[in-house]
Amino acid sequence: ALIVTDSVLSRNGYAGIDTSTVGTALSAVVVERCRFDSNFYGLTIVGDYRVAHVRDSTFYRNFRGIQVVAIVGDASIDVENTLIAENSVGLFAQRLDVGQAQIRVARSTIVGNIFLAIEAQAASSIVSRGDNTLADNAGGEAFTGTYSPQ
């Protein structure tokens, strides 16, 4: 697993954190109390059988704040108590083949994103626990569904 806490990931040429080249050995990513600022991708989870957890963090002025891309297997990100602001696209999910890509969002604020707050492509999903704030985004202010805590 990769665990990143209390860090600032800013002005990287590509991504604050990118799992696309790690291979299958990395099964989980945990990000807590981090700031992703002015990257192309703030956090990008690409690959199969990946799970990421993001808590108490900020994604600000990235091209895409948080992105998950599943290829053959499933990939998911849980986002909790996080600010996603002034990115081009706040949250992005995409399935490339037969896997499922999903972002679950709880107690987060998604505000002022330039093009879209939420973009889910190719049968992927970005779901809300129902306690988020979406405001002043240029578009994409609808989650693909909801979920209940268990």
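Which residue meets the side chain of arginine 35 in a salt bridge? Aspartate 37 does, at 3.2 Å from N to O. Point 5 returns to this pair.

1. **Basis.** This is a predicted model: local features need pLDDT of at least 70, side-chain atom pairs count only at pLDDT 80 or more, and totals for chains, interfaces and linings use all residues. Residues are numbered from 1 along each chain as its sequence is written, and side-chain values use heavy atoms, with hydrogens and water left out.

2. **The sheet.** An open sheet is formed by 7 strands, with parallel pairing. Their order is S1-S4-S7-S10-S13-S16-S18. At the edges are strand S1 (2-5) and strand S18 (145-146), each pairing on one side only. Strands here are DSSP runs of E, at least two residues, numbered from the N terminus. Two strands pair if DSSP finds at least two bridges between them. Strands of a sheet pair through backbone hydrogen bonds, either parallel or antiparallel.

3. **Strand by strand.** Start with strand S4 (residues 28-32) and strand S7 (residues 50-55). They pair in the parallel sense over 5 bridges. Within this pairing, valine 30 stands opposite histidine 53. S7 also pairs with S10, again parallel, over 6 bridges. There, alanine 52 stands opposite isoleucine 77. S10 in turn runs parallel to strand S13 (residues 101-106), and 6 bridges join them. Alanine 75 has alanine 101 in S13 as its bridge partner.

4. **Serine 57.** This residue sits in the loop between S7 and strand S8 (58-60). Its relative accessible area is 3%, so serine 57 is buried (buried is under 20%, exposed over 50%, partly exposed in between; 1.4 Å probe, protein chains only). Leaving aside neighbours within four places in sequence, serine 57 is in contact with Val31, Glu32, Arg33, Cys34, Asn81, Thr82 and Leu83. Contact means heavy atoms within 4.5 Å. A polar atom of the serine 57 side chain lies 3.4 Å from the backbone nitrogen of arginine 33. Aspartate 6 is 51 residues from serine 57 in sequence, yet the two are 9.0 Å apart in space, C-alpha to C-alpha.

5. **Salt bridges.** The count comes to 8 salt bridges. The rule is a side-chain nitrogen of Lys or Arg within 4 Å of a carboxyl oxygen of Asp or Glu. Side chains of opposite charge can pair when their charged atoms come close. In the opening pair, arginine 35 is partly exposed at 33% relative accessible area, whereas aspartate 37 is buried at 13%. Asp6, Glu32, Arg33 and Arg55 are linked in a network of salt bridges.

6. Arginine 104 forms a salt bridge with aspartate 78, with the closest N and O atoms 2.5 Å apart. Arginine 104 lies in strand S13 and aspartate 78 in strand S10, so the pair ties together parts that are 26 residues apart in sequence. Arginine 104 counts as partly exposed, at 21% relative accessibility. Glutamate 80 and arginine 107 also meet through their side chains in a salt bridge, 2.8 Å from N to O. This pair links distant parts of the chain, 27 residues apart: glutamate 80 is in strand S10, and arginine 107 is in the loop between S13 and strand S14 (109-111). Glutamate 80 is partly exposed at 25% relative accessibility.

7. **Backbone points to check.** Most residues other than glycine have a negative phi, and most peptide bonds are trans. Arginine 107 has a positive phi of about 45° although it is not a glycine. Its relative accessible area is 41%, which makes arginine 107 partly exposed. Alanine 122 likewise has a positive phi, of about 50°, and is not a glycine. Alanine 122 lies in the loop between strand S15 (116-121) and strand S16 (125-128). At 42% relative accessibility, alanine 122 counts as partly exposed.

8. **Nonpolar surface.** Ile71, Val72, Leu96 and Val98 make a nonpolar surface patch of about 340 Å². Patches are made of residues with over 30% relative accessible area and no salt bridge; like charges are joined within 9 Å, nonpolar side chains (Val, Leu, Ile, Met, Phe, Trp, Tyr) within 5 Å. Accessible areas come from the Shrake-Rupley method with a 1.4 Å probe; for residues, only the protein chains shown count as cover. Valine 72 lies in the loop between strand S9 (64-70) and strand S10 (75-80). Valine 72 is partly exposed, at 43% relative accessible area.

Terms used: Helices (H or I, at least four residues) and strands (E, at least two) are DSSP runs, numbered from the N terminus. A polar contact is a pair of N or O atoms within 3.5 Å; within protein, one must be able to donate a hydrogen and the other to accept it, and residues adjacent in sequence count only if both atoms are side-chain atoms.
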